[in-house]
Amino acid sequence: MTTVPGVDAPDPRLSVPAAEPDLHWYALWTRSRHEQVVRQQLDRKRVETFLPTVTRWSRWKDRKKKIDWPLFPGYCFARFNPQDRLTVLNCTGVVSIVSFDGDPAPIPEHEISGIRTLVDSELAYDPCPLIHEGMMVEVVHGPLKGVVGRLVRKGTHARLVLSVDLIGQAVSVEVDAADVRAY
């Protein structure tokens, strides 16, 4: 280490600036209805956060009011170095960081930026379950509530196939995609 005479610090001309650690987006699983609390705490700790919301009418006995509800209830997103995860985990309301094999699972930048672009736009949007063709789904609203079947097609409407496997027969019906969830 080279030092300048009369100065205790190393010569700045000889030092290489430390590389900025890679920051990635992570999903934080929060306690029920603690998404805003988690976001506020992380903002105070200068951790970049993203909490997408959707505006809904909430009704009480005496009034109605528009409220911003989390688009993904139970989750808040934060951008940080996984080595600094203790700072995030120490926030009130954080249950855990969504992980894979014990390591925090980073979310691709394009997924967060896509949702951010949508939320910042004037387009109307609603949360929907992530269901794929071929999945077993359960109807959660409407006259078929509680019925379980296989999703054949998903679009504005989903085609639900109900089968009797023993005799190799099935029947299909269209249901609203918002009325089904993964089984």
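**Around the largest pocket**

Tutor: Let's start with E4: with four residues, this strand gives the largest share of the lining of the largest pocket. Keep in mind that you're looking at a predicted model, where local features need pLDDT of at least 70 and side-chain atom pairs count only at 80 or more, while totals for chains, interfaces and linings use all residues. Numbering runs from 1 along each chain as its sequence is written, and side-chain values use heavy atoms, without hydrogens or water.

(Helices, H or I of at least four residues, and strands, E of at least two, are DSSP runs numbered from the N terminus.) Altogether, 24 residues line the pocket, and Pro70, Leu71, Phe72, Pro73 and Pro127 are the ones nearest its centre. Sorted by class, that lining has 15 nonpolar residues, six charged ones (Asp, Glu, Lys and Arg count as charged) and three polar ones.

How far can you trust the picture? The protein chain's average pLDDT (the predictor's confidence in each residue, from 0 to 100) is 84, and 85% of the residues reach at least 70. Residues 1–7, though, have pLDDT below 50, with eight contacts (heavy atoms within 4.5 Å) beyond near neighbours in sequence. Residues 9–20 stay under 50 too, with seven contacts beyond four places in sequence.

How values were computed:
1 Å grid on protein atoms, 1.4 Å probe; cavity = no way out; pocket = protein on both sides within 12 Å on 5 of 7 lines; lining within 4 Å.
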